[in-house]
Amino acid sequence: MAEAMRSDGIDPAVLAGNESNRAIAAEIAAIPLAPKLPRRFWWGFAAFFTIGLLFLGCVSYLLAAGIGTIGLNVPAAWGFLIVNTVWWIGIGHAGTLISAVLLLMRQNWRNSINRFAEAMTLMAVALAGTFPILHLGRPQYFYWLLPLPVTHMPWPNWRSPLVWDFFAIATYIIVSLLFWFMGLVPDLAILRDRAKSRGKQRIYGFFALGWRGSAYHWHRYRIAYYLLAALATPLVVSVHSVISLDFTSAIIPGYHSTIFPPYFVAGALYSGFAMVITIAVPLRHFFGLEDFITLKHLDNAGKVMLASGAVVAYGYLCESFFAWYSGDQFERYMMWNRMFGDYAWTFWFMLACNVGTLQLLWFKRARTSPWLLFALAFIINTGMWVERYVIVVTSLTRDFLPSSWQNVLPTWVDFGILFGSLGLFFAMMFLFVRLLPLMTIFEVQELKHELKEAQ
Amino acid sequence: MKPSETETHGLIAAFATPEALMKAAGRARERGFTRLDAFTPYPVEGLVEKLGGGTSRLPVYTFISGAIGFFGILALQFYSVLIAYPIDVGGRPLASWPAFLVPGFECTILGAAFTAFFGMLVGNRLPRLYHPVFNAQSFSFAGGDRFYLLIASDDPRYDRTKLRRMLHRLDALAIEEVLE
Amino acid sequence: MPVTDKDMREELAAAEPARFWRSLEERARTPAFRRMLDAEFPEIAERYATATDRRTALKLLGASLLMAGMGTAKAAEGIAPYVEQPENLVPGEPQFYASTLNERGYGMGVIVEAHEGRPTKIEGNPNHPASLGGTDPIMQAAAFSLYEPTRSRTVLKGNEVATWGAFQAEVAELRERALLQGGAGIGVVIGPNTSLTLQRLFSQLQQAMPALRFYLSDPLAGTPRPYAVLPHFDEAKIVVSLGADFLGEGPGRLAAARGFADSRRVRAGGQRTMSRLYCLESIASLTGAKADSHLLVRPSAMDETVARLATAMQSGTGDDAFTTALVRDARAAGNGLLFIAGERESAFVHATAQRLNQPSAGITHTLIAPVATAPADSGSLYDLVTDIGVGAITSLFVLDCDLMHSAPADLDVGAALEHVSSLYHHGLHVDETARKADWHVPATHDLESWGDLRAFDGTASIVQPLIAPLYQGRTIAELAAALTGDFVSSSLDLTRATWAQLDDAGWREALKRGVIADTAAPAITAPPLAEIANPVQEAAQIDVVLTPDPFLDGGTHAANLFLTELPRPLTKLVWGNAAELAPATAQTLGVATGDLIEIGIDKQVLALPAFISPGQAPDTVVVPLGFGRWTGEDSDTVGTNAFPLRRRGNAWLLAGARVKKGQGSGRIITTQEHHAMEGRDIVRDVPLAAIADEGPSAQEPPSLYPPYEMPEEAWGMSIDLTACIGCNACVAACQAENNSPVVGPDEMAVGHDMHWLRVDRYYAGDPEAPETVFQPVPCMQCEDAPCEVVCPVNATVHTHDGLNAQVYNRCVGTRYCSQNCPYKVRRFNFFQYQDFDEGSPLSLLMNPNVSVRERGVMEKCTYCVQRISAARIQSEISDQPIADGAVQTACQQACPTRAITFGNIKDKQSAVAREKTEPHSYALLEELGTRPRTTYLARVTNRPDEDKGNG
Amino acid sequence: MGRIGPYSKGNAVAQVFSSRANQIVYFVLYGALVLIILSPTIWIVLDRSFYHTGQFYALEQPAPFSHAHHVGEVGLDCRYCHQGVETTASAGLPATEVCMTCHSQIFSDAPILAPVRKSLASGVPLVWNRVNSLPDFVFFNHAVHVNNGVGCVSCHGRVDEMPLTWQEMPLTMEWCLGCHRDPGPNLRPESAEFSMDWQPVGDRKKLASELMAHFHIDTRTMTDCYACHR
């Protein structure tokens with residue numbers, strides 16, 4: 001496989017094989033347009049959807065019976081649901097990074113993976129958005145966080161990080177959606193014109209908005225697309241920073257720390273790319289897309305993980321160091337408790353997953369052997385979830401007054417919602433793969449063209 | 001039978017490569033055609049300039065609406081804490097502006113993003129589900145390997161037969177009249 | 001119904017079960033309540049109509065309720081006015097009446113607050129010697145036990161519902177027969193009771209039926225003595241407790257606590273000396289926790305230790321630090337010496353104490369004749385069983401006590417009761433004894449009955465009803481009267497007759513003041529007791545000693561879940577009892593908290609979960625009594641009943657008990673899991689000697705934020721940790737005042753407790769002889785409150801008088817405020833804890849001035865804002881400023897030692913402002929810059945080893 | 001005679017929508033746009049509509065009691081029936097006996113008064129339907145308002161002109177706050193507290209400030225949450 005990056009910054013290794021544009025279009029569009037997909041696809045979907053039903057079940061139970069059904073008490077009034085929020089939002093970040101940041105950096109290798117990465121973002125963020133609402137004591141009133149012209153007059157408290165979250169997450173969902181849909185329009189046009197049945201033509205055609213690839217349209221499209229990318233880039237950094245403010249602006253030892261924003265963003269990319277790999281590896285395998293999602297992609301993703309992971313590890317280091325260096329007895333005790341207290345195993349498990357396994361990524365061998373990478377990604381995502389658990393829960397169980405110290409244990413509802421959300425996520429990914437082109441056809445074609453020119 | 005010029009939207013020619021299309025477009029411009037359009041499966045650098053377009057105020061609008069988003073939400077926040085309902089919250093000053101910047105930032109992005117996206121649609125007059133070029137037999141977006149040049153029939157120098165000949169010489173793969 | 005704002009309607013819909021109601025009439029529209037009424041108010045229905053005295057007014061109220069209940073079909077909110085406006089009852093205005101509560105037979109004077117005739121809150125009666133304005137948790141819980149749902153409601157014949165009339169007929173017939181043989185064959189079992197009316201009736205009964213026999217069932221009785229000691233702490237320089245928990249138990253404890261605390265209230269301005277408390281004890285107690293010097297001895301070693309102490313007092317040289325210091329101080333103190341012997345200590349200890357007290361008699365204490373709690377020659381339970389055995393008793397009246405629960409193991413009361421041909425039971429619950437009975441008559445609650453009781457010092461006071469009996473309850477007096485052949489007199493008549501010497505004016509005065517003037521017992525001089533040489537105790541490897549639970553009183557209040565859920569002052573245990581033992585003892589037994597411990601005597605074996613409780617004597621296992629009592633079909637039994645461990649002769653220290661680790665583990669629920677301060681500056685100590693040297697208290701930390709103007713009062717609180725004895729009265733008062741729910745064991749176990757105010761208890765020093773400190777923690781009402789900043793919907797914000805307000809109807813339940821509260825004083829409704837759909841009478845308990853919170857809402861202490869706004873409204877109306885002391889928080893009012901001061905800190909003359917300028921005043925976690933409005937006065941210690949010049 | 005190369009073979013005709021599709025789409029899009037812009041306005045209006053606040057809707061009552069008659073024509077003082085209004089939180093409803101003090105003499109057998117007589121005879125209270133109903137988490141106190149210059153009319157309207165009583169004011173938090181922030185204009189001297197037709201004479205502003213001073217009203221604490229919510 002060609003190693004040297006070319007002077008024009010285009011690396012042939014990102015598009016193996018040598019099909020014509022028509023073949024590319026055919027191959028990618030084949031999946032959504034195929035009359036039927038192999039049975040194992042649907043088995044996969046069914047499996048995940050069943051787990052997804054668990055989510056719906058537990059959520060309904062939670063809403064009916066009350067927030068007391070999940071593992072919370074008074075020192076630790078936040079639990080799994082908040083952990084899930086932070087985790088899912090983090091995962092979302094990879095998609096935006098790939099599609100926006102890499103676009104601005106003209107990293108063409110993004111082209112074949114940005115579509116499903118963005119889809120992943122959307123679904124992750126959509127899920128993440130539900131948890132804070134479910135986590136309310138009276139979810140029916142969540143809209144009181146908005147400034148509304150109603151007769152019960154008090155306004156939202158603009159100083160509250162939760163209000164910031166509300167704005168940040170909402171903005172993030174909307175912008176990602178626009179960005180994703182914009183990228184889809186030309187491809188939908190392709191599907192429209194490739195579709196055989198009238199129905200599909202009309203449906204895809206409707207969403208293609210009558211795209212016909214006029215040069216003038218492309219011109220504006222390009223500008224708008226780059227604008228959105230330019231807007232999404234600071235947004236994606238801001239979102240997880242704002243999430244981290246929930247903690248940093250609190251007074252609790254273990255929350256109140258200035259390192260959080262960068263360290264959360266890095267963590268987000270870390271887990272996000274892990275999730276990209278978790279999805280990409282099976283995809284390229286089952287749909288024979290090795291030509292589009294090449295080892296080069298995996299290699300690059302691995303490198304990004306290595307970098308962001310290193311930052312996260314640095315974050316852990318700083319946190320402990322500052323706890324010790326601050327000389328603040330509460331901070332010190334908190335850190336000591338994290339390492340050797342009742343929840344110590346979570347801390348060490350986190351280190352093992354996020355810092356330990358990370359070391360393998362130094363080796364190209366590891367970065368380019370898909371299924372090993374897949375395994376690493378899985379472990380790292382678990383570790384990242386546990387990291388958030390360590391931050392959110394263990395800090396709370398040991399705060400200022402020993403009299404109120406108390407441990408908290410999750411209930412089956414907590415686990416139901418966590419695993420259910422995973423099921424729902426993958427089920428939605430299956431639907432996405434079935435209904436929409438999982439790569440940006442026109443960009444791949446463009447890439448192809450550029451490569452040809454370059455030769 | 002031939003359709004009359006009034007019923008036709010224009011003449012469309014398909015080319016195999018972007019280069020061919022560029023060449024054709026350039027030639028058409030030299031000949032003084034003004035009502036030109038081109039259709040490509042993916043953006044082709046410099047094509048729109050060749051056709052004589054290529055300026056957009058979208059960035060300006062985007063910037064403006066971003067600013068509106070920012071100052072709008074800031075105004076709302078100050079109004080709500082200073083005028084509408086001043087409350088002592090945790091002993092913090094009523095106008096805790098540093099806190100207000102966060103929603104400010106988010107709304108900037110939101111406003112700008114909306115304009116960038118919908119501005120693009122409006123500028124391109126999209127959605128437009130029905131369009132004459134779709135009537136062309138040869139016109140298809142499906143393959144990604146066809147590049148079309150359209151000369152609209154309302155072009156002052158529009159002449160079916162001459163055009164056919166010219167496009168022929170530019171080795172168009174297919175030449176066809178597009179009905180309204 | 002007129003459509004209100006959409007959200008508010010949702011809110012109402014959601015809040016429906018837990019509605020706060022503006023007046024009882026409104027409350028009465030809910031069908032549930034109506035069902036309750038129909039079931040529970042037949043009495044009122046039948047009696048309502050005549051007369052115009054206050055009591056009838058209450059009946060009228062009841063009637064109007066009953067009727068109001070019928071107007072429920074309407075769509076609109078129905079509001080029913082009275083038919084005849086009862087005099088001195090203004091709808092919406094609370095009424096206050098003086099009454100007396102019965103605690104183990106003694107009178108505790110109270111002032112009861114009632115809303116539209118519903119008693120809702122108990123306060124202490126400042127005129128009453130046993131209260132002096134203070135209360136204890138049991139008194140606070142009285143209103144709860146009034147509405148407690150499992151109370152017995154109807155007269156029962158066997159299991160059939162009968163009527164009072166039928167019972168009277170039965171008694172009349174029995175009486176006819178009995179009179180022929182002078183009442184032979186009739187026995188009457190009573191619990192301790194100081195009521196003079198009862199004594200009058202009983203003596204009448206004895207005259208009428210000389211052969212009739214009385215039996216006293218007092219499972220918690222201590223060592224009998226021919227006198228009672230009334231301590232004067234103001235005179236005592238040195239107080240020595242010989243196993244006496246004078247702060248924690250006994251009918252005079254509130255008075256004692258007040259006197260003791262006042263003798264130790266040191267202020268820069270005023271009093272500069274404080275008494276010193278030496279405590280010799282084997283069971284960790286509130287008194288022990290306040291001791292300046294503390295010696296733990298296992299119960300079996302008590303007598304000899306006391307003996308050694310006595311000799312040391314003579315010789316003037318002690319053999320350990322404790323004794324040496326004590327002897328030295330005793331010399332210095334001269335007549336300012338006060339020895340108090342524990343209720344349940346041996347006769348020897350009492351005799352010794354009395355002898356050592358002789359010099360200071362009349363100075364540090366006075367002796368009075370003990371207040372009679374039963375007819376003179378009452379037999380014991382053992383006599384009863386024997387008498388039944390020989391057939392001397394054929395018909396037995398069990399008045400207001402549960403023999404089956406409190407019977408010792410070597411006494412088969414069950415079998416005995418079987419032999420009785422006709423058994424009559426009278427009590428608040430259909431308990432095990434009632435189930436054996438042929439007849440059961442529900443007892444009235446104190447708040448439903450007329451009567452009289454005497455306080456620890458003999459002062460008599462009237463028990464005055466606040467509401468007509470909810471059910472078919474009768475007082476003991478009415479039963480006794482029936483036996484004497486008086487079937488007509490109401491308990492009011494009977495009581496009035498006892499106090500015939502009072503003219504109507506005097507009677508009204510007695511009702512008004514809550515005490516009957518000049519009824520205190522005169523001082524006596526008791527002959528010295530014979531000091532029986534201390535009996536040789538066979539020293540078991542581990543002593544097992546029983547002790548009454550501080551709240552359940554040997555089972556009397558077993559059905560009162562309010563008390564069951566109240567943290568025990570020292571262990572912080574709720575919902576059950578445990579075998580409490582010191583860490584070292586636990587090690588020797590190889591048990592950890594939660595492991596089962598098996599305590600065996602003869603064939604009897606009892607398994608309880610162990611609970612490691614520092615402060616218990618070495619090699620001692622302490623088991624609280626009062627749990628495991630069954631109180632009716634729909635009640636569940638809490639904890640383990642330890643009475644079956646008892647034997648004749650050893651009621652408390654169980655000789656020959658075997659203790660070993662059992663199999664498995666039991667459930668331990670405690671509200672505080674960590675007992676050390678982890679070296680944090682939480683509870684501050686300052687030695688008496690040092691207090692003068694300290695400058696004025698620490699100034700507020702600097703803040704970046706501009707100060708807010710406080711146009712009105714600036715409310716603040718100061719809590720004196722020296723005065724606080726950790727009795728939990730404030731916690732109970734807070735719960736009763738603010739409609740805080742009882743959440744049940746499962747919720748408590750996962751940390752969902754709902755007590756707004758908690759008393760933190762920390763141990764310091766050697767875990768085998770630890771120092772115990774208490775710290776009440778209400779909301780600190782921080783001026784720069786962390787909780788407010790993070791609430792996204794402005795549900796918790798600051799008011800202009802500096803309160804950290806919590807707006808329940810605005811709260812969406814993010815719980816972020818609780819996260820960000822360094823003191824963790826916020827409580828969250830994880831479930832719908834307030835549920836009235838059962839039609840439970842508890843719905844009558846609610847304080848109408850406090851919102852009842854719905855599921856998913858955060859709640860917290862707001863300095864009893866309802867009381868503040870009441871005062872504010874009065875001042876707005878009268879245009880007079882709110883006077884200092886006009887607003888009392890519930891905790892402050894309840895505190896027996898006046899440890900809590902509350903008021904306007906802007907007014908430099910106010911009590912609280914002065915407290916806050918004390919040198920030893922400090923704020924909790926002040927380094928966080930939250931600027932709490934609640935501050936503490938450091939705990940002033942007076943340890944013997946601190947003596948520098950003073951002492 | 002356009003040569004259709006082999007390239008376009010097998011392609012479906014790209015035109016999948018009829019020319020009407022555009023109009024439909026535009027109609028829908030513009031409709032949505034308009035709706036989005038209008039929705040806050042709609043909300044604002046609905047939330048304050050009489051339907052929502054329940055104003056001006058006379059409730060059925062067990063006996064058709066007319067304030068218009070008793071206050072307007074007979075001229076009874078408010079306090080004759082609502083005795084608590086000056087001293088307690090709730091103004092209070094008249095006990096049946098109060099009605100009967102007059103109606104045992106006049107209209108003593110009028111059929112419409114049958115329910116009242118029945119109530120007195122049977123002791124069953126009349127159950128009226130609450131007209132001015134506040135949510136249960138709002139604590140309103142009549143005494144403090146009446147004693148500080150807020151007249152009955154200010155909130156209850158001209159009951160002397162209501163045959164059957166209705167709710168005159170919105171009773172929304174917004175409305176309450178309006179007055180709590182600036183009570184001046186709604187104040188009246190003690191003499192006029194219970195007057196139905198009192199009209200301020202002279203300079204309104206001056207009178208307002210005088211009354212504010214007279215009643216020692218400090219608005220700063222009047223917007224504290226616990227003034228109404230406890």
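At 2% relative accessibility, C:L925 counts as buried (buried means under 20% relative accessible area, exposed over 50%, and partly exposed in between, with a 1.4 Å probe and protein chains only). This is a predicted model, in which local features need pLDDT of at least 70 and side-chain atom pairs count only at pLDDT 80 or more, while totals for chains, interfaces and linings use all residues. Residues are numbered from 1 along each chain as its sequence is written, chains are lettered from A and ligands numbered from 1 in the order in which they are written, and side-chain values use heavy atoms, with hydrogens and water left out. Over all chains, the structure holds 69 salt bridges (a salt bridge is a side-chain nitrogen of Lys or Arg within 4 Å of a carboxyl oxygen of Asp or Glu).

**Backbone spots to look at**

- C:L925 has a phi near 50°, a positive value in a residue other than glycine. You will find C:L925 in the loop between β38 (921-922) and β39 (934-937) of chain C (helices, H or I with at least four residues, and strands, E with at least two, are DSSP runs numbered from the N terminus).
- A:R106 also has a positive phi, of about 55°, although A:R106 is not a glycine. Its place is the loop between α3 (80-104) and α4 (114-134) of chain A. With a relative accessible area of 59%, A:R106 is exposed.
- In chain B, the peptide bond from B:L126 to B:P127 is cis, and its omega is near -5°. B:P127 belongs to the loop between α4 (97-123) and β3 of chain B.

**Salt bridges**

- C:R684 and C:E926 join their side chains in a salt bridge, at 2.8 Å from N to O. C:R684 sits in the loop between β28 (669-670) and β29 (685-687) of chain C, and C:E926 in the loop between β38 and β39 of chain C, so this pair ties together parts that are 242 residues apart in sequence. C:R684 counts as partly exposed because its relative accessibility is 26%, whereas C:E926, at 17%, counts as buried.
- C:D431 and C:R629 form a salt bridge through their side chains, at 2.9 Å from N to O. The two come from distant parts of the chain, 198 residues apart: C:D431 from the loop between β16 (422-427) and α18 (432-436) of chain C, and C:R629 from the loop between β26 (620-625) and β27 (658-665) of chain C. Both C:D431 and C:R629 are buried.
- C:R872 is in a salt bridge with C:D801, and their closest N and O atoms are 2.5 Å apart. Helix α29 (residues 865-878) of chain C holds C:R872, and the loop between β33 (796-798) and β34 (804-806) of chain C holds C:D801, so the pair ties together parts that are 71 residues apart in sequence. C:R872 and C:D801 are each buried.
- In chain A, a network of salt bridges links A:D299, A:K303, A:K364 and A:R367.

**Chain B: domains and surface patches**

- Chain B is divided into domain 1 (8-55 + 131-179) and domain 2 (58-123) (the bounds come from an automatic or database domain assignment). Taken over C-alpha atoms, the centres of domain 1 of chain B and domain 2 of chain B are separated by 45 Å.
- B:R31, B:R157, B:R165 and B:R169 form a positive surface patch (patches are made of residues with over 30% relative accessible area and no salt bridge, like charges being joined within 9 Å and nonpolar side chains, namely Val, Leu, Ile, Met, Phe, Trp and Tyr, within 5 Å). Lys and Arg count as positive and Asp and Glu as negative, while His and the chain ends are not counted; the place of a charge is taken as NZ of Lys, CZ of Arg, CG of Asp or CD of Glu.
- B:R157 lies in the loop between β3 (147-152) and α5 (160-169) of chain B. At a relative accessible area of 48%, B:R157 is partly exposed.
- A nonpolar surface patch is made of B:V60, B:Y61, B:F63, B:I64 and B:I68, which together have about 540 Å² of accessible area (accessible areas come from the Shrake-Rupley method with a 1.4 Å probe, and for residues only the protein chains shown count as cover). B:I68 is in helix α3 (residues 58-84) of chain B, and counts as exposed at 57% relative accessibility.
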